Amino acid sequence: TEVRDQVLEDWKQDQRRQVENQRATEMMTAVQGGKSFSDAAQAAGVTPRLSPLVTRNQTSPDMPPELQRVIFGLKKGEVGMVETPDDFVVGQLVEIVRPDVATDRAGFDQAKAAVARSVQNDVQALFVDALRVRGKPEINQKALNSIVQPR
């Protein structure tokens with residue numbers, strides 16, 4: 001009976017997750033269709049809340065990290081949905097605050113360096129891909145084996 005009870009509990013949990021997923025999807029779709037976030041939340045039976053301002057590097061207990069990763073890919077007014085270990089969360093980007101370089105010079109320099117590294121990596125990847133397409137290199141397995149596994 002323990003196995004049966006566990007299977008039944010797992011099935012119930014799966015059913016709850018499916019219902020939560022459906023409600024969150026309906027809420028997100030309603031907002032994308034023009035309904036206000038508050039009205040869509042009320043229709044879904046949840047209470048909306050406004051999170052404090054967050055940055056890419058600062059987490060907030062009021063915002064799940066899964067949503068925080070997604071929110072920075074949205075445009076103002078866009079809505080996103082994520083699955084967390086506990087439930088599904090729908091969020092809408094309400095405001096974008098540009099950082100003031102004068103008040104956070106270290107943060108600005110850090111972000112600038114990260115963007116420069118990212119661009120450098122992208123350029124290198126594009127160069128390697130272009131060489132691969134143009135040159136169509138082939139691996140000489142015999143030569144590689146002689147280097148990796150010398151006799």
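This is a predicted model: local features need pLDDT of at least 70, side-chain atom pairs count only at pLDDT 80 or more; totals for chains, interfaces and linings use all residues.
Me: Which residues are linked in a network?
Reply: Salt bridges link Arg17, Glu20 and Glu83 in a network. Between Arg17 and Glu20 the closest N and O atoms are 3.8 Å apart, and between Arg17 and Glu83 they are 2.5 Å apart. The pair of Arg17 in helix H1 and Glu83 in strand S1 (residues 79–83) links distant parts of the chain, 66 residues apart.

Me: And how far apart are Arg17 and Glu20 in helix H1?
Reply: Arg17 and Glu20 are 3 residues apart in helix H1, which means that about one helical turn separates them. Helices (H or I, at least four residues) and strands (E, at least two) are DSSP runs, numbered from the N terminus.

Me: Is Arg17 buried or exposed?
Reply: Arg17 is buried, with a relative accessible area of 14%, whereas Glu20 is partly exposed at 29% and Glu83 is partly exposed at 48%. Here buried means under 20% relative accessible area, exposed means over 50%, and partly exposed lies in between, with a 1.4 Å probe and protein chains only.

Me: What does Asp109 pair with?
Reply: Asp109 forms a salt bridge with Arg105, the closest N and O atoms being 3.4 Å apart. Both residues lie in helix H4, 4 residues apart, about one turn of the helix.

Me: Changing topic, how much space lies in the largest pocket?
Reply: About 1800 Å³ of space lies in the largest pocket, a volume being the space filled by probe spheres set on grid points that are joined across faces, edges and corners. On a 1 Å grid over the protein atoms alone, a pocket is an open set of points where a 1.4 Å probe fits, with protein on both sides within 12 Å along at least five of seven lines, and lining residues have an atom within 4 Å of a point.

Me: Which residues lie nearest its centre?
Reply: The largest pocket is lined by 49 residues, and Ser51, Val54, Met63, Ile71 and Leu93 lie nearest its centre. Helix H1 (2–32) and strand S2 (88–92) are among the elements that each supply at least two residues of this lining.

Me: Last one, where is Ile139 found?
Reply: Ile139 is found in the loop between helix H4 (105–135) and helix H5 (141–148), and Ile139 is exposed, with a relative accessible area of 68%.

Definitions and conventions. Residues are numbered from 1 along each chain as its sequence is written. Side-chain values use heavy atoms; hydrogens and water are left out. A salt bridge is a side-chain nitrogen of Lys or Arg within 4 Å of a carboxyl oxygen of Asp or Glu.
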